[in-house]
Amino acid sequence: MDTATSKNGVPIRLTNERWEHIVSNKEYMKSHYDDVLRAIENPTLILRGYNCSLVAVLNLSRNSFLHVVYREVKKDDGFVITAFIARNVNRSRRIWP
């Protein structure tokens, strides 16, 4: 398990169980473990997610955006829900910057 600190200063856990879930459903994510942590700590932007989640977006290339969905449960605890790469970003849900 690794932890990254969100822009709100909350430690976000990426557990082995969650990582296995992500790569079992999206095999292309295997090489992006470090990018997932980097997206949380230094996102290009943050989107409002669903059910109190946040989405850290990291621009990987011109048309490739890593989305990391996570939840901040308390000021000192949070966790990754899932991660995926998409060709675009729903900027209407942007909350940071």
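This passage describes the fold of one protein chain, from its overall dimensions to selected residues.

The structure is a predicted model, in which local features need pLDDT of at least 70 and side-chain atom pairs count only at pLDDT 80 or more, while totals for chains, interfaces and linings use all residues. Residues are numbered from 1 along each chain as its sequence is written, and side-chain values use heavy atoms, with hydrogens and water left out.

The chain contains two helices and seven strands, where helices (H or I, at least four residues) and strands (E, at least two) are DSSP runs numbered from the N terminus. Read from the N terminus, the elements follow the order β-β-α-α-β-β-β-β-β. Along the principal axes, the C-alpha atoms fill a box of roughly 35 × 30 × 20 Å. Of the 97 residues, 44% are buried, a term that means under 20% relative accessible area, with exposed meaning over 50% and partly exposed in between (1.4 Å probe, protein chains only). Among contacts (heavy atoms within 4.5 Å) between residues at least 6 apart in sequence, 47% join residues at least 24 apart.

The seven strands form an open sheet with mixed pairing and the order β1-β2-β6-β5-β4-β3-β7, two strands being paired if DSSP finds at least two bridges between them. Strands β1 and β7 (94–96) stand at the edges with a single partner strand each, so one side of each is left without a neighbour in the sheet. From one strand to the next, the twist averages 35°, with axes taken as lines fitted to C-alpha atoms (for helices over the stretch in contact) and angles running from 0 to 180 degrees between N-to-C directions. Helix α1 packs on this sheet, where it touches β2 and β6, and its direction makes about 15° with that of β6. Helix α2 also packs on the sheet, touching β1, β2, β4, β5 and β6, and the direction of α2 makes about 30° with that of β1. The buried residues of α2 are Asp35, Val36, Leu37, Ala39 and Ile40, and what covers them includes β1, β2, α1, β4, β5 and β6.

Within the sheet, strand β1 (residues 2–5) runs antiparallel to β2 and is joined to it by four bridges, with Pro11 of β2 as the bridge partner of Thr5. The hairpin of β1 and β2 has five residues between the strands, and there Gly9 takes a positive phi near 80°. In a regular strand the side chains alternate between the two faces of the sheet. Strand β2 (residues 11–14) has a covered face with Ile12 and Leu14, and an uncovered face with Pro11 and Arg13. Two bridges join β2 to strand β6 (residues 77–86), the two running parallel, and Arg13 stands opposite Phe79 in β6. Strand β4 (residues 54–61) and strand β5 (residues 64–74) run antiparallel and are joined by seven bridges, Ser64 in β5 being the bridge partner of Ser61. With a relative accessible area of 16%, Ser64 is buried, and, leaving aside its neighbours within four places in sequence, Ser64 is in contact with Leu58, Asn59, Ile85 and Ala86.

Rings of Phe, Tyr and Trp (its six-membered ring) pair if their centres lie within 6.5 Å, with planes under 30 degrees apart counted as stacked, over 60 as edge-to-face and the rest as tilted. The count by this rule comes to one aromatic pair, formed edge-to-face by Trp19 and Tyr33 at 4.9 Å centre to centre, with 90° between the planes. This pair links distant parts of the chain, since Trp19 lies in helix α1 (residues 16–25) and Tyr33 in helix α2 (residues 33–41), 14 residues apart. Trp19 counts as buried at 11% relative accessibility. Arg93 lies over the face of Tyr50, at 4.4 Å from the ring centre; a charge sits over a ring if NZ of Lys or CZ of Arg is within 6 Å of the ring centre and within 35 degrees of the ring normal.

Some backbone features were also found. Asn51, in the loop between β3 (45–48) and β4, has a positive phi near 55° although a residue other than glycine, and at 63% relative accessibility Asn51 counts as exposed. Cys52, placed in the loop between β3 and β4, is not a glycine but has a positive phi of about 70°, and Cys52 counts as exposed at 69% relative accessibility. In the segment after β7, where Pro97 has its place, the peptide bond from Trp96 to Pro97 is cis, with omega near -15°.
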